[in-house]
Structure formats: structure tokens, C-alpha cells
Amino acid sequence: LEAYGMYCPTVILTSDKTPILRALKANVFIDDKPSTILECAEIAEKECWENFYLFVKSAPYNRDWFWENYPLVKRAESVEAALRELGLWRE
């Protein structure tokens, strides 16, 4: 993550991500697992999370999912692409 320009990043490994996102009041989340993205999207929309950006990192196993049904979810080919879209990428 430091290679992506993040200063002192924190990585939390857990199977249940939404409670962590909620507790941290995170505003950006990138994942490649469809079920995780769907759960986060549904909870974020239900709870009206403000300024929350949700990206599915493209992978062969999630390319056939129809993310158009979830307006909160954006597809990104890489972490860099997601950060560039948000204006957070540093060269």
C-alpha cells in the first residue's frame, strides 16, 4: 500500500468486513470477492453511509457479475485505477 502512496497504511484481516468498515467510518473499500462487495453495498445503502466509495477489483471470477444493479459499486481494474478515479493517486 505504501507503493500506492499511502502513508502508514493499516491492513486488517477479517472475514466479516462490514463491522470494521462501520467502526472505522471508512470511506473507500476495494475488494475482489463478489459476496463481500454485495454485503458491503447492501449495508452501506441501507444505512446511508456518506461519502463511501466501493470498488470491485476486476478478476476473472467476478467479471460476469452484474454490478449495474448496485449503483454504489464501481469496477476498477486495479487499486491504482480506483485511487486515480478518486483523485487519491500520487505518482
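Author: A salt bridge is a side-chain nitrogen of Lys or Arg within 4 Å of a carboxyl oxygen of Asp or Glu. Keep that cut-off in hand. The model here is predicted.

Reader: What makes Arg-63 and Glu-77 a salt bridge?
Author: Their side chains meet at 3.7 Å, N to O. The cut-off is 4 Å, so the pair counts as a salt bridge. Arg-63 sits in the loop between strand 2 and strand 3. Glu-77 sits in the loop between strand 3 and helix 3 (79-85). The two are 14 residues apart, and the pair links distant parts of the chain.

Reader: Why is Arg-63 called partly exposed?
Author: Its relative accessible area is 44%. Buried means under 20% and exposed means over 50%, so Arg-63 falls in between.

Reader: How many salt bridges does a search of the whole structure find?
Author: Four. One of them joins Arg-22 and Glu-47, at 2.9 Å from N to O. Arg-22 belongs to helix 1 (residues 17-24). Glu-47 belongs to the loop between helix 2 (34-46) and strand 2. They stand 25 residues apart in the chain.

Reader: How do you know whether Arg-22 is buried, exposed or partly exposed?
Author: Its relative accessibility is 38%, so Arg-22 counts as partly exposed. Glu-47, at 39%, is also partly exposed.

Reader: What makes Glu-80 and Arg-84 a salt bridge?
Author: Their closest N and O atoms are 2.7 Å apart. That lies within 4 Å, so the name applies. Both residues lie in helix 3, four residues apart, about one turn of the helix. Glu-80 is partly exposed at 28% relative accessibility. Arg-84 is partly exposed at 41%.

Reader: Why can such side chains pair at all?
Author: Side chains of opposite charge can pair when their charged atoms come close.

Reader: Why is the pair of Trp-49 and Phe-52 called edge-to-face?
Author: The structure holds one aromatic pair. The ring centres of Trp-49 and Phe-52 are 4.9 Å apart, and the ring planes stand at 85°.

Reader: What makes strand 1 and strand 3 edge strands?
Author: Three strands form an open sheet in the order 1-2-3, with parallel pairing. Strand 1 (28-31) and strand 3 (73-76) each have a single partner strand, so one side of each has no neighbour in the sheet. The twist averages 30° from one strand to the next.

Reader: How do you know that strand 2 pairs with strand 3?
Author: Four bridges join strand 2 (residues 53-57) to strand 3. Pairing needs at least two bridges, so these strands pair. They run parallel. Val-56 stands opposite Arg-75 in strand 3.

Reader: How do you know that the span of helix 2 agrees with its 13 residues?
Author: At 1.5 Å a residue, the helix should span 18 Å. The end C-alpha atoms are 18 Å apart, so the two values agree.

Reader: What covers the buried residues of helix 2?
Author: The cover includes helix 1, strand 1, strand 2 and strand 3. Among the buried residues are Ile-37, Leu-38 and Ile-43. After helix 2 comes Cys-48, with a positive phi near 55°.

Methods. Residues are numbered from 1 along each chain as its sequence is written. This is a predicted model: local features need pLDDT of at least 70, side-chain atom pairs count only at pLDDT 80 or more; totals for chains, interfaces and linings use all residues. Side-chain values use heavy atoms; hydrogens and water are left out. Axes are lines fitted to C-alpha atoms, for helices over the stretch in contact, and angles run from 0 to 180 degrees between N-to-C directions. Buried means under 20% relative accessible area, exposed over 50%, partly exposed in between (1.4 Å probe, protein chains only). Rings of Phe, Tyr and Trp (its six-membered ring) pair if their centres lie within 6.5 Å; planes under 30 degrees apart count as stacked, over 60 as edge-to-face and the rest as tilted. The expected span of a helix is 1.5 Å times one less than its number of residues. Contact means heavy atoms within 4.5 Å.
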